Amino acid sequence: MDCMSQTNTSQFIVYVLHHPNSDHIYVGKSTKGLKRPSEHSLPSSLSRYAHLPRSRWIQSLRERGLEPEVAVVEECATPEELNEAEQFHVANFRFLGIPLLNCTDGGDGVLGHRPSEEARAKMSAKHKALAATDEGRAKMAAMARDYWADDAAR
């Protein structure tokens, strides 16, 4: 992996968390330079996101007395470039067959995320319950009108 040094000058970076004793990596982006990658290892982050593969991986490293290492793979001039750069690196590592800890395709939002069957069933039940009442249908119609009134949505 051709990585830049960790003494980057940009606050807008795409980084990987990795460890020589592991095949997995995590691709992330930061608007705070190297501060963001270190936040993944904070106890509060590990607890809050314990369900994510990234957090479970970091925890498994720690149980062996190890810490993830950070490598900057790209510096960006603006925050707008970050989403595209992160998506590129996620796609590239996947193409190369490197096991990623990322749950999505990168960028803002949840591109590439597939809810579990259980989550889909819960969302369906909630939607059906809302649509079963006149008040719920009116609320859903108002939300749709508000959404489509936005030029960006159209």
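Strands β1 and β2 pair in the antiparallel sense, over five bridges. One of these links involves tyrosine 15, whose bridge partner in β2 is glycine 28. Strand β2 spans residues 26–30 and is mostly covered, with four of its five residues buried.

This is a predicted model, so confidence comes next. The protein chain has a mean pLDDT of 84. In this chain, 87% of residues reach 70 or more.

| Element | Residues | Mean pLDDT |
|---|---|---|
| Strand β1 (highest) | 13–18 | 96 |
| Helix α5 (lowest) | 117–131 | 80 |

The start of the chain needs care. Over residues 1–6, pLDDT stays under 50. The model has 13 contacts for this stretch beyond four places in sequence. Where pLDDT is low, predicted coordinates should not be read in detail.

Now to one residue in a loop. Asparagine 102 is found between α4 (79–95) and α5. Is asparagine 102 buried or exposed? Its relative accessibility is 11%, so asparagine 102 counts as buried; the cut-off for buried is under 20%.

What does asparagine 102 touch, leaving out residues up to four places away in sequence? The list is Ile25, Tyr26, Val27, Val90 and Arg94.

Technical notes. Residues are numbered from 1 along each chain as its sequence is written. This is a predicted model: local features need pLDDT of at least 70, side-chain atom pairs count only at pLDDT 80 or more; totals for chains, interfaces and linings use all residues. Side-chain values use heavy atoms; hydrogens and water are left out. pLDDT is the predictor's confidence in each residue, from 0 to 100. Helices (H or I, at least four residues) and strands (E, at least two) are DSSP runs, numbered from the N terminus. Contact means heavy atoms within 4.5 Å. Buried means under 20% relative accessible area, exposed over 50%, partly exposed in between (1.4 Å probe, protein chains only). Two strands pair if DSSP finds at least two bridges between them.
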